[in-house]
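Please read these notes with the structure open beside you. They go from single residues to the chain as a whole.

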Amino acid sequence: MSGNLKPLAELKVGLGRNRRLIGVDLGSKTIGLALSDVSLSIASPLETIRRTKFTADAERLIALAKEHDAGALVFGLPLNMDGTEGPRCQSTRAFIRNLEKLTDLPIAFWDERLSTMAVTRTLLDADASRARRAELVDKMAAAYILQGALDRLRKL
């Protein structure tokens with residue numbers, strides 16, 4: 001593992017008091033973000049960044065981490081349904097390799113399989129319009145990813 005990349009269990013140890021986690025759902029066109037509370041119990045949707053260039057995207061992510069006093073980032077790892085890594089995982093890992101050059105924040109992965117589908121189903125059940133679903137799905141997927149990681153952290 002590279003310098004900033006940590007197993008999820010190690011994040012909690014080095015996090016410090018009253019620090020939050022930011023959940024990241026990295027897509028090809030958008031980056032969904034979610035924020036935990038300071039007790040690391042609840043994940044809430046935060047923002048969706050429209051992807052432009054890596055530097056601008058990374059600067060916005062780092063700025064939000066500072067603004068919300070985040071102590072670490074949890075990236076969804078888009079594994080294939082059989083658990084193997086495909087091109088989307090490679091893209092996520094490349095983004096993180098570049099991000100590590102810009103920040104010292106610890107980074108962990110969380111399996112994001114089916115997160116977008118689960119969130120989309122929830123929004124459909126809530127009768128959200130197509131436009132509303134498009135607006136919400138990425139940051140809600142990030143919250144879904146982060147909530148899974150928070151639930152796991154509580155059991156460690």
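1. A residue is called buried under 20% relative accessible area, exposed over 50%, and partly exposed in between, using a 1.4 Å probe and protein chains only. By this rule D125 is exposed, because its relative accessible area is 65%. The residue is found in helix α4. Helices here are DSSP runs of H or I with at least four residues, strands are runs of E with at least two, and both are numbered from the N terminus. D125 and I145 are 20 residues apart in sequence, and their C-alpha atoms are 20 Å apart in space.

2. Some words on the source. This is a predicted model, in which local features need pLDDT of at least 70 and side-chain atom pairs count only at pLDDT 80 or more, while totals for chains, interfaces and linings use all residues. Residues are numbered from 1 along each chain as its sequence is written, and side-chain values use heavy atoms, with hydrogens and water left out.

3. Helix α4 covers residues 115-125, and S115 lies in it. Is S115 buried or exposed? S115 is buried, because its relative accessible area is 1%. Contact means heavy atoms within 4.5 Å. Leaving aside neighbours within four places in sequence, S115 is in contact with A141, Y144 and I145. T52 is 63 residues from S115 in sequence, and the two C-alpha atoms are 23 Å apart in space.

4. T92 is found in helix α3. T92 counts as buried because its relative accessibility is 2%. Which residues does T92 touch, not counting those up to four places away in sequence? They are L26, F75, G76, P78 and F109.

5. L5 lies in the segment before α1, a helix that spans residues 8-14. With a relative accessibility of 12%, L5 counts as buried. Not counting residues up to four places away in sequence, L5 touches R93, E100, I107 and F109. L5 and F75 are 70 residues apart in sequence, and their C-alpha atoms are 10 Å apart in space.

6. T103 is found in the loop between α3 (87-99) and β5 (107-111). T103 is buried, because its relative accessible area is 9%. A polar contact is a pair of N or O atoms within 3.5 Å; within protein, one atom must be able to donate a hydrogen and the other to accept it, and residues adjacent in sequence count only if both atoms are side-chain atoms. The side chain of T103 reaches the backbone nitrogen of L105 at 3.1 Å. Once neighbours within four places in sequence are left aside, T103 is in contact with N4 and I62.

7. N18 has a positive phi of about 55° although it is not a glycine. D69 likewise has a positive phi of about 55° and is not a glycine. Most residues other than glycine have a negative phi. N18 sits in the loop between α1 and β1 (20-26), and D69 is found in the loop between α2 (54-67) and β4 (70-77). N18 is partly exposed, with a relative accessible area of 47%. D69 is also partly exposed, with a relative accessible area of 38%.

8. Now the chain as a whole. How many helices and strands does the chain have? There are five helices and five strands, and along the sequence they follow the pattern α-β-β-β-α-β-α-β-α-α. The C-alpha atoms fill a box of roughly 40 × 35 × 30 Å along the principal axes. The radius of gyration is taken over C-alpha atoms, and the globule rule is 2.2 Å times the number of residues to the power 0.38. For 156 residues, a compact globule would have a radius of gyration near 15 Å, and the chain agrees with this at 15 Å.

9. Buried residues make up 44% of the 156 residues in the chain. Of the contacts in the chain with a separation of 6 or more, 65% come from residues 24 or more positions apart.

10. Charges come last. Lys and Arg count as positive and Asp and Glu as negative, while His and the chain ends are not counted. The place of a charge is taken as NZ of Lys, CZ of Arg, CG of Asp or CD of Glu. The chain has 24 positive and 19 negative side chains, and the centres of the two sets lie 0 Å apart.
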